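User: I would like to go through this model and ask what lies behind each label.
Analyst: Go ahead; put up the structure and start.

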Amino acid sequence: MSTAAAHAEHDHAHGHAHHDEGFIKKYLWSTDHKIIAMQYLFTGIFMAFIGGFTVYAFRMQLAFPGMSVPGYGRVTATDYNALVTTHGSVMIFWVAMPVLIAALGNYLIPLMIGCDDMVFPRLNRLSYQLFLLSSIVLIASFYVPGGAFGGAWTSYPPLSAKAEYSLTGLGSSMWLFAVALEFAAFLLGGINFITTVMNSRAPGMKMFDVPIVVWMIIIASILFMASVGPLIAGAVMLLFDQQLGTGFFDPAKGGDPVLWQHLFWFFGHPEVYVVLLPAMGIVAEIITVFSRKKLFAYKTVLYTAIGTGVLSFFVWAHHQFIAGIDPRMANVFSVTTLLISIPVAEMVFVYIGTLYGGSIRLTTPMLWALAFIAEFLLGGVTGIFLGASGADIYFHDTYFVIAHFHYTFFPIAFIGSFAAITYWFPKMFGKMMNETWGKVHFWGTIIPFNAIFIPLFLLGARGDHRRIYDYRHFPDLMKAGMQDLRVFATLALLVLLAFQVVFLVNLFYSIFRGEKASANPWNANTLEWQAPSPPPHGNFPQGLPNVYRGPYEYSHPDRQDDYWPQTEPDAAKS
Amino acid sequence: MATTASAVMSQVMSPRPLPEANRPVVPSAVLGTLIFVVAEVMFFVGMISAFTISRAGAPAGTWPVPGQPTLPAEATALNTVALVLSGLLLLVGQVLFAKKQAAAKWLVLAAWGLGVAFVGLQGREWSQLLSAGLTMTSSRLGAFFYLIVGMHGLHAIGALVALGLAALQLLRDRLEGGLFFGAQVFWYFVVLMWPIIYARVYF
């Protein structure tokens, strides 16, 4: 409703007026897309601590049942449920989404398309404020009577619908409320992203001159917009079930619990692609720059991403093969699920095609980008087993599923984010990150990551059920070596968490003490590297850039430089 | 962006001219509202399909629960006419707005008034149904009815506030296009969503 006012403010921002603002005004009320992006980024990093701490506590319980976990204490069964739920929700909704979409979208879109800010800067600020509020509501729910919600991040009724079942009456409602607020925040963000890219591109920038990462964030935003509605509808219905005693999902009142699963997964599956596509885009930017080669098949990547997006709306019921859906319907969803691996595999092949024959530089961001391709591939391939409804009946709710989606989500949320942070760090903070420590962190993350999840694949194949608090009560799941694999995975997790300290030290040390970065330290083409590092308010102090060519003109045979910035006019021919 | 042969020639001879600015195809306020409307449409699609599935799966004789009131489909036809008429008036107002703003004023106000009448009529219907014993917890039909129609009503009220602000600006001849066009798009969404709800839920 404040669109007109936001417009006026946008016009005002065109003046490039630089104001010295107080701390509160700058960080609480700023409408600058870069500051909002940093707020999203650091809130996301903070929430990742919560996600990391919860997984530490419940993995210790699984490996050493009944022990008093250092820093947490004894994990009770109720705690265990709450920890697992919090880990899942936080990592997906409060880490992957804010960092990959909100932080990078906000930071990169105006800089990469060459404008001074978002189209609706005040909506953008509101978006972050809502997101912050949602984080606070979620954290507050840990401290209410009954504790945090413990019905898993998918929140299936009837468990989630009644306090008598979940034992966390207030916690369940606060969880739902936090998720709803968070979606409202990303709705506002997504509207901004799409409108900005449509209407604020620099002069000369045509649709096919837009960098792939921007396209990917836009497609992801469209997917989000189109899929979130049914989940919000379901969330309102679930909230009514919890608080007003309606019977939408409660079988005792004639309701249908599978209905929630449909509404949830209609959003939940496109959501995977909402976070995957931006990560794919980040990887595309990095591998072109560090193989000094044009992106192989720009339009193919774009159309493939659109195809993936469309297909992702027709796969959701593959999460429900054992929920009692009609087997004929399960067949249809098996086919669509297997189909969607084709476009994603195509993108991976295109990236490998880009690497082929390039002069590859193994910098830290490039290592992350290559690791993304390799690790995500494993996640995608194991998804084929789960997409086939026959195999899924065996694998459902085992650690095979856990390992599969961590092989997709860890590369997306963490490998993708680390790639993006190490690559755009010079632009964000005007400093270089330490390469040596960056590589130590890289290997210290990648090796333990595989050491955690390969054992979980093996456990899952042996039928290890995922929703068990203490395996000592299940002799079938304590057979030769199974507990050893759990202990091994947990120890690997401890190593992985320990190596994140290296990243944090490197991040904060480099922000304050790092070597000063030039405007374009990687010799990249895209527009953000034409702005100073870090870009001032208004982004381009010499005036908004003009665009003459696509973003990936590396190693052009007619040129001495192996890169060709989008802003550089063709040489005059006399 | 067609270039003639001479333009191509001059491009070869001299430094390339500055590229042309991209002109927005759809104004930002309208585009932003349209994208929001897409999410909103999906929100209603979610609720209406949940309603359809639940009704289809209900055991015979439980939908509606015997002894509870059925939805007054005939009486609501009046509400529907009021809302659709309001949308049509606003559409005419939009066309006139481009030509002469003075004539558009009264059309926009009339559209707004009909919208308010719609919300009032809905409120009357709710109080009648509530007193007849149909509540959110009395049956799933009641729960769905109040959920879907209530959500539509909330959207109508929100859109009426925005449209009212735009009408006020229009009366004072201080209208900024963004608010007016954004509010219009949202009102059309509210108007067009209603016949679908009416057809799916009331019958």
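User: In which segment of chain A does Pro534(A) lie?
Analyst: Pro534(A) lies in the segment after α16 (482–513) of chain A. Keep in mind that this is a predicted model.

User: What kind of peptide bond joins Ser533(A) and Pro534(A), and what is omega?
Analyst: The bond is cis. Its omega is about -15°. Chain B has a cis peptide bond too, between Trp63(B) and Pro64(B), with omega about 0°. Pro64(B) sits in the loop between α2 and α3 (73–99) of chain B.

User: Why is chain A called as compact as a globular protein of its length?
Analyst: Set the value against the rule. For 574 residues the globule rule gives 25 Å, and the radius of gyration of chain A is 24 Å, so the chain is as compact as a globular protein of that length. The chain has 16 helices and two strands. Its C-alpha atoms fill a box of roughly 80 × 50 × 50 Å along the principal axes. Of its 574 residues, 55% count as buried.

User: What makes Met91(A) buried or exposed?
Analyst: Its neighbour count. Met91(A) has 24 C-beta neighbours inside 10 Å. The cut-off for buried is 20 or more, so Met91(A) counts as buried. The residue lies in helix α4 of chain A. Beyond neighbours within four places in sequence, Met91(A) is in contact with Gly51(A), Ala96(A) and Ala413(A).

User: How does helix α4 (residues 77–113) of chain A pack with helix α14 (residues 399–429) of chain A?
Analyst: The two helices pack at an angle of about 30°, with axes 11 Å apart. The crossing of α4(A) and α14(A) is left-handed. Residues of α4(A) in the contact include Met91(A), Val95(A) and Leu104(A). Those of α14(A) include Phe409(A), Gly416(A) and Met428(A). By class, the contact of α4(A) with α14(A) has 12 nonpolar, two polar and no charged residues.

User: Why is Arg292(A) called partly exposed?
Analyst: Arg292(A) has 15 other C-beta atoms within 10 Å. Buried needs 20 or more, and exposed needs 12 or fewer. The count falls in between, so Arg292(A) is partly exposed. Arg292(A) lies in the loop between α9 (257–291) and α10 (298–311) of chain A. Its phi is near 50°, a positive value in a residue other than glycine.

User: And what makes Asp397(A) partly exposed?
Analyst: Asp397(A) has 14 other C-beta atoms within 10 Å. Asp397(A) is in the loop between α13 (389–395) and α14 of chain A. Phi of Asp397(A) is near 60°, again positive in a residue other than glycine.

Key: Residues are numbered from 1 along each chain as its sequence is written. Chains are lettered from A and ligands numbered from 1 in the order in which they are written. This is a predicted model: local features need pLDDT of at least 70, side-chain atom pairs count only at pLDDT 80 or more; totals for chains, interfaces and linings use all residues. Helices (H or I, at least four residues) and strands (E, at least two) are DSSP runs, numbered from the N terminus. The radius of gyration is taken over C-alpha atoms; the globule rule is 2.2 Å times the number of residues to the power 0.38. Axes are lines fitted to C-alpha atoms, for helices over the stretch in contact, and angles run from 0 to 180 degrees between N-to-C directions. A crossing is left-handed if the near helix is turned anticlockwise from the far one by less than a right angle, and right-handed if clockwise. Two residues are in contact if their C-beta atoms, placed from the backbone, lie within 7 Å. Ala, Val, Leu, Ile, Met, Phe, Trp, Tyr, Cys and Pro count as nonpolar, Asp, Glu, Lys and Arg as charged, and the others, Gly among them, as polar.
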